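Reader: I am new to this structure. Please show me how to read it.

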Amino acid sequence: MYVCICHAVTEDDVRGRITAGAASVKEVRAACGMPPGCGSCTKRLCALVSERRAPDLLADDLSGTLAGLDAEVGTAA
Ligand code: FES
């Protein structure tokens, strides 16, 4: 399914960029070559980034570490 029809970016494209290390909507946009866009694609990007970050945040809760926070500020190893 397309996240942004204007730039032919699919959910698989976005998930691939997240897997490759893009940790925020801004980073995913840059990695996919998407300029700031309309509200529709931004909502979909936010949902996909949140979907992928949720396991990190859950791991933080279970282990007491801050892996999600580390990824957000770019200090993760
Ligand atoms: S759907 Fe392409 S810029 Fe929003």
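**Reading the model**

Reader: Of contacts between residues at least 6 apart in sequence, what share joins residues at least 24 apart?

Author: In this chain, that share is 36%. Two residues are in contact if their C-beta atoms, placed from the backbone, lie within 7 Å. Residues are numbered from 1 along each chain as its sequence is written. The model is predicted: local features need pLDDT of at least 70, side-chain atom pairs count only at pLDDT 80 or more, and totals for chains, interfaces and linings use all residues.

Reader: Where is confidence lowest, and where is it highest?

Author: Where pLDDT is low, the predicted coordinates should not be read in detail. pLDDT is the predictor's confidence in each residue, from 0 to 100. Helix α4 (residues 67-73) is lowest, at a mean of 52, and strand β2 (residues 9-10) is highest, at 96. Helices (H or I, at least four residues) and strands (E, at least two) are DSSP runs, numbered from the N terminus.

Reader: Which residues of helix α2 are buried?

Author: A residue is buried if 20 or more other C-beta atoms lie within 10 Å of its own. In α2 (residues 25-32), these are V25, V28, R29 and C32. They fall within an arc of 100 degrees seen down the axis, so they line one face of the helix.

Reader: How do α1 and α2 pack?

Author: Two packed helices are described by the angle between their axes and the distance between the axes. Here α1 (residues 11-19) meets α2 at about 115 degrees, with axes 10 Å apart. The two are therefore roughly perpendicular (65 to 115 degrees). D13, V14, R17 and I18 of α1 meet V28, A31 and C32 of α2.

Methods. A residue is buried if 20 or more other C-beta atoms lie within 10 Å of its own, exposed if 12 or fewer, and partly exposed in between; C-beta atoms are placed from the backbone. The arc is that of the directions from the helix axis to the C-beta atoms. Axes are lines fitted to C-alpha atoms, for helices over the stretch in contact, and angles run from 0 to 180 degrees between N-to-C directions. Angles under 35 degrees count as roughly parallel, over 145 as roughly antiparallel, 65 to 115 as roughly perpendicular and the rest as oblique.
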